[in-house]
Amino acid sequence: MAASPQNPAASGPRRKVSRHRGEGQWAAGHFTPLNGNEQFKKDDDGLNVRTRIETVYSKRGFDSIDPNDLRGRMRWWGLYTQRRPGIDGGKTAVLEPEELDDRYFMLRVRIDAGALTTQQLRVIGEVSQEFARGTADITDRQNVQYHWIRIEDVPEIWQRLEAVGLSTVTACGDTPRVMIGSPVAGIAEDEIIDATPALEEMKRRVLNNPAYSNLPRKFKTAISGSPLLDVVHEINDVAFVGVRHPEHGPGFDVWVGGGLSTNPKLGVRLGAWVPIEDVPDVHEGVISIFRDYGYRRLRNRARLKFLVADWGAEKFRQVLEDEYLGGRKLLDGPAPEQPVQQWRDHIGVHRQKDGRFYVGFAPRVGRVDGATLTKIADLAEAHGSGRVRTTVEQKMIVLDVEQDRVDSLVEGLEALDLTARPSTFRRGTMACTGIEFCKLAIVETKQRGSTLIDELERRLPDFHEPLTINLNGCPNACARIQVADIGLKGQLVLDDEGRQVEGYQVHLGGALGLEAGFGRKVRGLKVTADELPDYIERVLTRFRAERTEGERFAAWTARASEEALS
């Protein structure tokens, strides 16, 4: 199955090589590089850049870095150049890359399934303080991101992270990205199945493996056995969702082809039930289909979701079974049941299956710092067993807390402004990196999200309905704007005096899990950053006045008039 990039179709039957370039599918014989990204990947595997970083670039400095490494292959080891300070959002799309590039990097630490020991968390915090000016943001894919990283420090950072079992390998790039998983796998009382053994084998097979280091674009995996559907499975390239088969017991329902950005698509079910021992084979098969059949000609059509949309679930399943599983037929199976609650973030105090408790708490829009992370490690060691987790909602969890230690832990977290009893607005607001560091961003997000939380808590102190507010600095949807109750896509807008200012296009009523779907865009509705608290207060006040008993915000927005949503 693991065909090499030099012979990408080796795992399937021989096919007639076509001279027509088609969509750039290797399996159709279209091997000629069709864009600059495909060319630099053909020239050298991105995994190989590590050696140059360690032996050349870290010793000779930023100016010694080859451009194809700087803006391409270094992503295979979690490194992006960050945005040069002082460049406003109006210049994002008009400047050349070298004009946007700062001489510092964002470095992403991959944390599969959000699983960390307190020793690992403490090292993440120490690296932040020593090398990243204290930065350490928790992402909505369970990772931690540093900023202000110098190329000279990267080898030392890798050494420290790897000494405790952490890595940045394929945290970015056209590769299998971090595998998100339930942060309470093997722990929660209501779990259908513990996906941990499958996830560990999936990692073993594909990470740092040249057979999968040249994909058409990034590849995102999710797996969870939680009935809460806590890994946003609908928007991953492949997802395994815990279900109970009426004859075979607990296993996984398979989804493929989800993704957001500027062409959002929800994943589709293959209708197949997979036992846990077969999950790694199916995962490897789906990645291989993407590698061999994925579209490489146009970069903006290179995600798996476009192939799935063209093929459909039936053909995708057939190719998977016939060409990548050796003719093995997958069993038909049931769809996952709808979750019983809208919140899926594990915030608060919850009993574990072993009688102890886990405590989920909310930073502000995922923004923490190295010093805070080391203090969280101290608290977790003093009150638990030394295990912590990150979530796909930019939150964190301390595991294995004895009942008589819960209150003390909660108080210790509160002292760090990390609450296990957050308001709806603290709990439900997420934000991407934004213009502070991101070269694609048009507007600021992190500080605005934090300020928005404070303002809404002050204005609507008795609002307790589940609600998500997601702020994104550009159209690429890293903060999942299309599937939020209130999704805010950053752009420049005109204020009342005709001046161009930071603002947002508004998406309303998106959802995952419960009646998954994309938010509604109200015609012409754009809000300046300064108007944002007024607008959200106005819409939520109307929601509370007009909703029927038990009606969710997303359901109300679907039927509300444009006037009510403006």
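**Reading sheets, helices and cores**

Biologist: In what order do the six strands of the open sheet lie, and what is their pairing?
Modeller: The order is β6-β7-β8-β9-β10-β11, and the six strands have mixed pairing in this open sheet. Strands (E, at least two residues) and helices (H or I, at least four) are DSSP runs, numbered from the N terminus. Two strands pair if DSSP finds at least two bridges between them. Before we go on: this is a predicted model, where local features need pLDDT of at least 70 and side-chain atom pairs count only at pLDDT 80 or more, while totals for chains, interfaces and linings use all residues. Residues are numbered from 1 along each chain as its sequence is written, and side-chain values use heavy atoms, with hydrogens and water left out.

Biologist: Which strands stand at the edges of this sheet?
Modeller: Look at β6 (176–181) and β11 (331–332). Each has a single partner strand, so one side of each has no neighbour in the sheet. Further in, β8 (residues 238–245) and β9 (residues 249–256) run antiparallel and are joined by eight bridges. One place to look is F240, whose bridge partner in β9 is V254.

Biologist: Which strands does helix α10 touch?
Modeller: Contact here means heavy atoms within 4.5 Å. Helix α10 (residues 313–324) packs on the sheet and touches β9, β10 (268–274) and β11. For angles, axes are lines fitted to C-alpha atoms, for helices over the stretch in contact, and the values run from 0 to 180 degrees between N-to-C directions. The direction of α10 makes about 40° with that of β10. Helix α7 (residues 196–206) lies across β6, β7 (219–224) and β8, and runs at about 175° to β6.

Biologist: How many strands are in the open sheet that starts with β17?
Modeller: Five, in the order β17-β18-β19-β20-β21, and the pairing is mixed. At its edges stand β17 (429–431) and β21 (520–528), each with a single partner strand, so one side of each is left without a neighbour in the sheet. Direction ignored, neighbouring strands are turned by 25° against each other on average. Within this sheet, β19 (residues 486–494) and β20 (residues 500–508) pair in the antiparallel sense over nine bridges, and V493 stands opposite V501 in β20. Helix α15 (residues 532–546) lies across β18, β19, β20 and β21, at about 140° to β21.

Biologist: Which residues of the largest nonpolar core touch the most other members?
Modeller: A nonpolar core is a set of buried Ala, Val, Leu, Ile, Met, Phe, Trp, Tyr and Cys residues joined through side-chain atoms within 4.5 Å. In soluble globular proteins, nonpolar side chains tend to be buried together. The largest core here has 55 residues, and I53, M74, F105, I124, Y146 and I149 touch the most other members. A second, separate core of 43 residues includes V206, V238, Y293 and L330.

Biologist: Where does I149 stand in relation to F105?
Modeller: F105 stands opposite I149 in β5. Strand β5 (residues 144–149) pairs with β2 in the antiparallel sense over four bridges. Seven of the nine residues of β2 (residues 101–109) are buried, so β2 is largely enclosed by the rest of the structure.

Biologist: How many residues of helix α5 are buried?
Modeller: Ten of its 14, so α5 is largely enclosed by the rest of the structure. Among them are L121, I124, V127 and F131. You can check its length too: the expected span of a helix is 1.5 Å times one less than its number of residues. For α5 (residues 118–131) that should be 20 Å, and the end C-alpha atoms are 20 Å apart, which agrees. Just after α5, R133 takes a positive phi of about 55°.

How values were computed:
Buried means under 20% relative accessible area, exposed over 50%, partly exposed in between (1.4 Å probe, protein chains only).
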